[in-house]
Amino acid sequence: MKPVLVLMNGALRLDDHPALAKACATGAPVIPVFILDDAAAGDWKLGGAKRWWLRESLIALSSELESKGSALVRRSGNTLDILMALIEETGAGALHMTRAYEPHLAKLQDAVYDLAEELGVTCRRFAGNLLLEPEQVRNKTGGVYEVFSPFWRRALELIDGTTPTPAPEDIPAPETWPESYTLDLDPKPAHWAEPIAAFWTPGEAAAHERLADFLDGPVAEYKDMRDIPSVDATSRLSPYLANGEISPRRIWHEAMIARGEESAREKGADWFLRELGWREFSTHLLFNFPHIPERPLKSKFAAFPWREGYDDAVTAWQKGQTGFPIIDAGMRQLWQTGWMHNRVRMIVASFLVKDMLWHWRTGEDWFWDTLVDADLANNAASWQWVAGCGADAAPYFRIFNPVTQGEKFDPKGAYIREYVPELKDLPDEYIHAPFEAPVGVLKMAGITLGKTYPKPMLDRKAARERALAALESTKGE
Ligand SMILES: Cc1cc2nc3c(=O)[nH]c(=O)nc-3n(C[C@H](O)[C@H](O)[C@H](O)COP(=O)(O)OP(=O)(O)OC[C@H]3O[C@@H](n4cnc5c(N)ncnc54)[C@H](O)[C@@H]3O)c2cc1C
């Protein structure tokens with residue numbers, strides 16, 4: 001039988017992997033392939049943190065495949081050229097892949113389809129990374145939902161909860177394996193990802209372990225604790241989802257089993273699954289409005305006078321040196337771990353696009369480069385949500401106050417003390433606003449504003465007024 005090539009891009013796992021399972025079911029030899037094609041990504045070339053994750057994830061995937069008698073063929077370069085060469089080398093009769101929704105990747109997959117057809121190879125594209133395909137969730141008139149709640153209500157009616165397909169027992173191997181190459185995924189500089197590596201274990205096995213641990217305990221507290229950044233109360237599954245190491249159907253299935261009889265657990269699981277719903281919604285938006293990574297969904301925001309480019313203020317934000325402790329803690333958590341708590345992502349994003357009046361694309365780009373869970377749909381939709389220009393967005397005039405947000409979600413300053421250790425000896429009363437602390441208190445805590453910790457980079461009252469005036473200036477356009 002002619003071998004089946006399985007393009008593993010976007011689904012770096014064996015469990016609940018329809019493209020792989022169907023290839024194994026044919027009984028033909030299966031050749032799993034991963035192609036690194038930076039040129040095809042255009043502006044959305046993988047960011048630094050995600051490159052590191054991918055490198056580790058491919059190592060994990062290779063060893064999973066080897067344990068099933070298979071292997072991973074790695075190549076880098078033009079996807080079409082590589083596939084054409086592989087089809088010729090292996091005599092493959094079929095090509096399977098997992099459907100992508102990012103516009104540039106969907107376009108690439110269309111071209112792969114055409115190529116396969118030209119070469120007389122059967123090409124099949126399988127769903128695998130969403131609970132529902134974007135075409136399935138439509139309103140009564142066949143239109144696209146732009147508001148989350150009705151979208152999710154409809155989605156809940158459609159999700160069928162089918163049991164996910166387990167990883168194949170063994171994977172039929174070809175007689176000879178095509179050449180595989182080392183990919184250029186090393187962080188630059190080499191030590192850059194060391195702290196991130198100390199925090200995460202990429203790969204499918206780690207994803208399943210994380211899910212099991214979460215459903216075993218924290219899920220029961222999820223509803224009440226998920227907004228508290230000092231507590232490990234959320235699943236932290238986002239990088240595994242963003243890299244296709246676990247499927248949302250597997251998460252759904254296991255969470256439904258874990259819901260059980262206890263009401264807290266049930267409520268927690270429902271809230272958690274609702275967050276997965278936001279992931280579905282973001283992808284649904286990207287699929288229907290493919291311009292959202294670059295342009296606002298609400299077109300009237302195209303003329304909003306956001307500042308663009310880079311200067312010292314942006315660097316201070318990126319490095320966590322703004323003088324506002326909750327912002328600095330969040331930005332440093334991102335730099336040190338490649339991840340940031342959702343509540344804090346909202347606060348730092350609001351600060352950039354409202355207080356600093358900087359373009360949301362500047363924030364989107366920084367997150368793209370530094371997040372291990374960088375996801376085109378979630379990142380674009382979330383930045384637009386905060387900036388007020390996206391679907392079902394927070395109104396622009398609702399401007400988070402970093403001091404009161406800190407007091408509300410990190411009342412004792414535990415999160416700040418972890419990531420901004422130079423403030424750790426400040427009393428709780430001043431931990432969110434060191435600039436309001438009396439000189440004696442600062443001295444006792446070993447702090448000299450402007451030296452050991454920055455003075456606030458802006459006057460919040462003036463910044464707020466400036467942001468509201470900017471909003472006013474776009475009215476009527
Ligand atoms: C400005 C900004 C940028 C963001 N960029 C990204 C991004 O690039 N990639 C990314 O995966 N998430 C992004 N998010 C959404 C959210 O912050 C993360 O998904 C979440 O913090 C991941 O942590 P968790 O896995 O513990 O989430 P949990 O609370 O355990 O949620 C479970 C899963 O649901 C999904 N999810 C949760 N919240 C959201 C949300 N608001 N929107 C869409 N999906 C969600 C994630 O896949 C997550 O893993 C962004 C949010 C903001 C405000």
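Author: Let's start with H16, which is mostly covered: nine of its 12 residues are buried, where buried means under 20% relative accessible area, exposed over 50% and partly exposed in between, with a 1.4 Å probe and protein chains only. This is a predicted model, so local features need pLDDT of at least 70 and side-chain atom pairs count only at pLDDT 80 or more, while totals for chains, interfaces and linings use all residues. Residues are numbered from 1 along each chain as its sequence is written, and side-chain values use heavy atoms, with hydrogens and water left out.

The helix covers residues 376-387 and reaches 16 Å from its first C-alpha to its last, close to the 16 Å expected at 1.5 Å a residue; that expected span is 1.5 Å times one less than the number of residues. Helices (H or I, at least four residues) and strands (E, at least two) are DSSP runs, numbered from the N terminus. The buried set in H16 is Leu376, Ala377, Asn379, Ala380, Ala381, Trp383, Gln384, Val386 and Ala387. What do they pack against? The partners are H4 (103-119), H11, H12 (312-319), H14 (342-355) and H15 (360-370), with contact meaning heavy atoms within 4.5 Å.

Both ends have something to show. At the start of H16, a side-chain oxygen of Asp375 comes to within 3.1 Å of the backbone nitrogen of Ala377. Just after H16, Gly388 has a positive phi of about 85°.

Arg265 is buried, at a relative accessible area of 14%. Leaving aside neighbours within four places in sequence, Arg265 is in contact with Leu215, Asp216, Gly217, Val219, Ala220, Ala258 and Arg259. A polar atom of the Arg265 side chain sits 3.2 Å from the backbone oxygen of Asp216.

E4 (residues 94-98) and E5 (residues 122-126) run parallel and are joined by five bridges, and two strands pair if DSSP finds at least two bridges between them. His96 stands opposite Arg124 in E5.

One more arginine is worth a stop. Arg250 is found in H10 (residues 248-259), and counts as buried at 11% relative accessibility. Not counting residues up to four places away in sequence, Arg250 touches Asp15, Asp16, Pro164, Thr165, Pro166, His208 and Leu211. The Arg250 side chain also makes a polar contact of 2.9 Å with the side chain of Glu254.

Finally, the wider layout. The chain is divided into domain 1 (4-129), domain 2 (130-164 + 204-288) and domain 3 (299-471), with bounds from an automatic or database domain assignment. The C-alpha centres of domain 1 and domain 2 are 25 Å apart, and 18 residues of domain 1 are in contact with 23 residues of domain 2.

Note on methods: A polar contact is a pair of N or O atoms within 3.5 Å; within protein, one must be able to donate a hydrogen and the other to accept it, and residues adjacent in sequence count only if both atoms are side-chain atoms.
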